[in-house]
Amino acid sequence: MSELLVDFITSLDGYASGEGWPGFWGLEGPEYLAWLGEQPEVTYLMGANTYRLMSGFAAGEVPEGQDEIRPEEEASFDELTQASKVVFSSSLKEPLKWANTTLVRDDAVEAVRAMKSNGSGLLSTIGSLSLCRSLLRAGLVDRFRVVMFPVITGATGAERIYDGYPDVALEMTDHRTFDGRIQLVEYKPSVLEHPPLGVPA
């Protein structure tokens, strides 16, 4: 059975990106980049918007607000191109131009449920905030990992990650600091029907 990881990189205030900021907020360091390079092989799951954005970067489009793609970003896009990817969309049309990408038109929650039951290895989301929210609500997420970068993007932040989420209890399973400034936290999530009503006597 496959395991599903929801994986986010965020500003401290919970934004997935910020207008005018480079990838990784320009703050990735050697320890963090080395850790990224050590990650196990995964199948990436994404929605149409993330596919359009990331496939464009992989094809050489320069991110908005930048003059060029930085070497660290280019290496990340190259690795994504080589990885197995699944995109859930009713609007995209085949053939998809980004290599190693499969288009699934079926309901994403049911498709991922089947992928988990019938597969092996690790499934991981990339971006795709609404997809991640749906998978979490459905109880399909085994691991919830956030890497927080030391910036607050209150004026320029885009894509607030946790809007629309249910209440979720998080059991910490891992934590780490990279380059003295980037904080990783990983949890086992449990979706709550309601908040705790008090401590039993």
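Phe88 stands opposite Val104 in strand E5, where strands (E, at least two residues) and helices (H or I, at least four) are DSSP runs numbered from the N terminus. Helix H4 (residues 108-118) packs on the sheet, touching E1, E3, E4, E5 and strand E6 (122-125), where contact means heavy atoms within 4.5 Å. The direction of H4 makes about 150° with that of E4; such angles run from 0 to 180 degrees between N-to-C directions, with axes fitted as lines to C-alpha atoms, for helices over the stretch in contact.

Before we go on, a word on the model. It is predicted, so local features need pLDDT of at least 70 and side-chain atom pairs count only at pLDDT 80 or more, while totals for chains, interfaces and linings use all residues. Residues are numbered from 1 along each chain as its sequence is written, and side-chain values use heavy atoms, with hydrogens and water left out.

**The whole chain**

- The protein chain has five helices and ten strands.
- A compact globule of 201 residues would have a radius of gyration near 17 Å, and the chain agrees with its 17 Å; the radius is taken over C-alpha atoms, and the globule rule is 2.2 Å times the number of residues to the power 0.38.
- Along the principal axes, the C-alpha atoms fill a box of roughly 60 × 40 × 30 Å.
- Buried residues make up 42% of the 201; buried means under 20% relative accessible area, exposed over 50% and partly exposed in between, with a 1.4 Å probe and protein chains only.
- Of the contacts between residues at least 6 apart in sequence, 71% join residues at least 24 apart.

**The sheet**

- Eight strands form an open sheet in the order E5-E4-E3-E6-E1-E7-E10-E9, with mixed pairing; two strands pair if DSSP finds at least two bridges between them.
- Strand E5 (101-104) and strand E9 (168-178) stand at the edges with a single partner strand each, so one side of each has no neighbour in the sheet.
- On average, neighbouring strands of this sheet are turned by 25° against each other, direction ignored.
- E4 and E5 run parallel and are joined by four bridges.

**Two residues of strand E1**

- Thr10 lies in strand E1 (residues 3-11) and is buried, at a relative accessible area of 2%.
- Beyond its neighbours within four places in sequence, Thr10 is in contact with Tyr15, Trp25, Val146, Val147, Met148, Phe149 and Ile161.
- Ser11 is also found in E1, and at 0% relative accessibility Ser11 counts as buried.
- With neighbours within four places in sequence again left aside, Ser11 is in contact with Trp25, Phe149, Val151 and Thr153.

**Helix H3**

- The twelve residues of H3 (residues 71-82) should span 16 Å at 1.5 Å a residue, and the 17 Å between its end C-alpha atoms agrees; the expected span is 1.5 Å times one less than the number of residues.
- Glu73, Phe77, Leu80 and Thr81 are the buried residues of H3.
- They cover an arc of only 100° around the axis, which puts them on the same side of H3; the arc is that of the directions from the helix axis to the C-beta atoms.
- Pro71 and Gln82 are exposed on the other side of H3.
- The buried residues of H3 pack against strand E3 (42-47), helix H2 (48-58) and strand E4 (84-88).
- Glu74 and Ala59 are 15 residues apart along the chain, and their C-alpha atoms are separated by 9.8 Å.
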